[in-house]
Amino acid sequence: MSNTQYSGVKVKRFSKGFVIAHAVNAISFFALYITALPMYTEWFDWLYPLLGGPEGARLLHRIFAIAFITPTFIWLIIDPKGFLRWGKELVTWKKRDIQFFTEFVKELFGFKFKHVKQTFFNAGEKINSIIQILTAILIIGSGFPMWFPDLFPTAVVQWAYVAHNVGFGLAIAVVVGHIYLSVIHKNSRPGYTGVITGEVPAEWAKDHYTEWYEEEVKKGNFPDLDKDKNKKKGA
């Protein structure tokens with residue numbers, strides 16, 4: 001399926017709430033990373049003039065730290081149904097999810113693979129979400145003692161710095177993998193438009209999230225691509 005040329009037919013995958021939340025999350029994360037670099041090592045001291053000096057970098061870091069906390073609430077407020085579906089899928093694991101990883105490894109390294117039927121979020125996206133949740137908790141939880149050291153014991157503040165670095169290190173690794181799969185890898189790249197416009201190619205969606213797509217077809221929300229193909233063949 002890697003060489004499939006998708007038609008112009010698109011379907012709605014993500015809501016406006018998800019698109020906004022994803023954008024805020026991405027922008028705030030990278031802003032936090034950039035503003036933290038000169039505070040973390042002297043190698044990036046050249047960033048200070050661009051950030052308004054040490055005080056400016058610290059202020060910006062705290063502003064974006066607040067923004068980093070908001071995506072969950074943005075998504076929940078604008079699209080509670082989609083948010084709850086996401087939460088439900090994260091705790092729902094079936095045999096097909098385990099089978100997904102075997103085929104995913106083949107796909108990742110360019111070998112012949114077959115699509116395993118998946119729901120709205122595939123097993124890889126579930127793992128990605130779970131890791132991001134854990135690293136966010138680590139980053140945010142350790143950030144409070146660092147921001148308000150007078151309110152916490154010295155030992156807690158010291159360990160907070162360690163936890164903060166570990167959290168961001170893990171988060172960066174996950175983000176790099178996420179970007180590679182969503183923007184660079186040829187098989188998953190077509191779905192990148194989903195986080196920008198909310199829409200993705202219909203054929204791509206059917207291939208990668210077959211069970212979800214078929215459910216939407218039954219509801220009358222999506223075109224029945226198999227039926228359309230059969231009509232063309234009979235024409």
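Reader: Which helix gives the largest share of the lining of the second largest pocket?

Author: The largest share comes from helix 3, which gives seven residues. This is a predicted model, in which local features need pLDDT of at least 70 and side-chain atom pairs count only at pLDDT 80 or more, while totals for chains, interfaces and linings use all residues. Residues are numbered from 1 along each chain as its sequence is written, and side-chain values use heavy atoms, with hydrogens and water left out.

Reader: What makes the space of about 860 Å³ a pocket?

Author: On a 1 Å grid over the protein atoms alone, a pocket is an open set of points with protein on both sides within 12 Å along at least five of seven lines, and lining residues have an atom within 4 Å of a point. The second largest pocket holds about 860 Å³ of space, and of its 28 lining residues Ala36, Met39, His61, Met146 and His164 are the closest to the centre. Two or more lining residues come from each of helix 1 (16-40), helix 3 (53-69), helix 7 (123-147) and helix 8 (154-184), where a helix is a DSSP run of H or I with at least four residues. By class, the lining has 20 nonpolar, six polar and two charged residues.

Reader: Why are helix 1 and helix 4 called roughly antiparallel?

Author: The axes of helix 1 and helix 4 (residues 71-78) cross at roughly 175° and come within 8 Å. Angles over 145 degrees count as roughly antiparallel, and helix 1 and helix 4 are therefore roughly antiparallel to each other. In their contact (heavy atoms within 4.5 Å), helix 1 brings Gly17, Phe18, Ile20, Ala21, Val24 and Asn25, and helix 4 brings Pro71, Ile74, Trp75 and Ile78. These residues divide into eight nonpolar, two polar and no charged.

Reader: How do you know that Phe18 and Trp75 form an edge-to-face pair?

Author: The structure holds 19 aromatic pairs. In the one formed by Phe18 and Trp75, the rings lie 5.1 Å centre to centre with 75° between the planes. Rings pair if their centres lie within 6.5 Å, and planes over 60 degrees apart count as edge-to-face, so this pair, with 5.1 Å and 75°, is edge-to-face. Phe18 in helix 1 and Trp75 in helix 4 are 57 residues apart, and the pair thus links distant parts of the chain.

Reader: Which residues of helix 3 and helix 4 meet?

Author: Ala67, Phe68 and Ile69 in helix 3 meet Pro71, Thr72 and Phe73 in helix 4, and this contact has five nonpolar, one polar and no charged residues. The axes of helix 3 and helix 4 come within 4 Å and cross at roughly 35°.

Technical notes:
1 Å grid on protein atoms, 1.4 Å probe; cavity = no way out; pocket = protein on both sides within 12 Å on 5 of 7 lines; lining within 4 Å. Points joined across faces, edges and corners; volume = space filled by probe spheres on them. Nonpolar A, V, L, I, M, F, W, Y, C, P; charged D, E, K, R; others polar. Axes fitted to C-alpha atoms, helices over the stretch in contact; angles between N-to-C directions. Parallel < 35°, antiparallel > 145°, perpendicular 65-115°, else oblique. Phe/Tyr/Trp six-rings, centres within 6.5 Å; stacked < 30°, edge-to-face > 60°.
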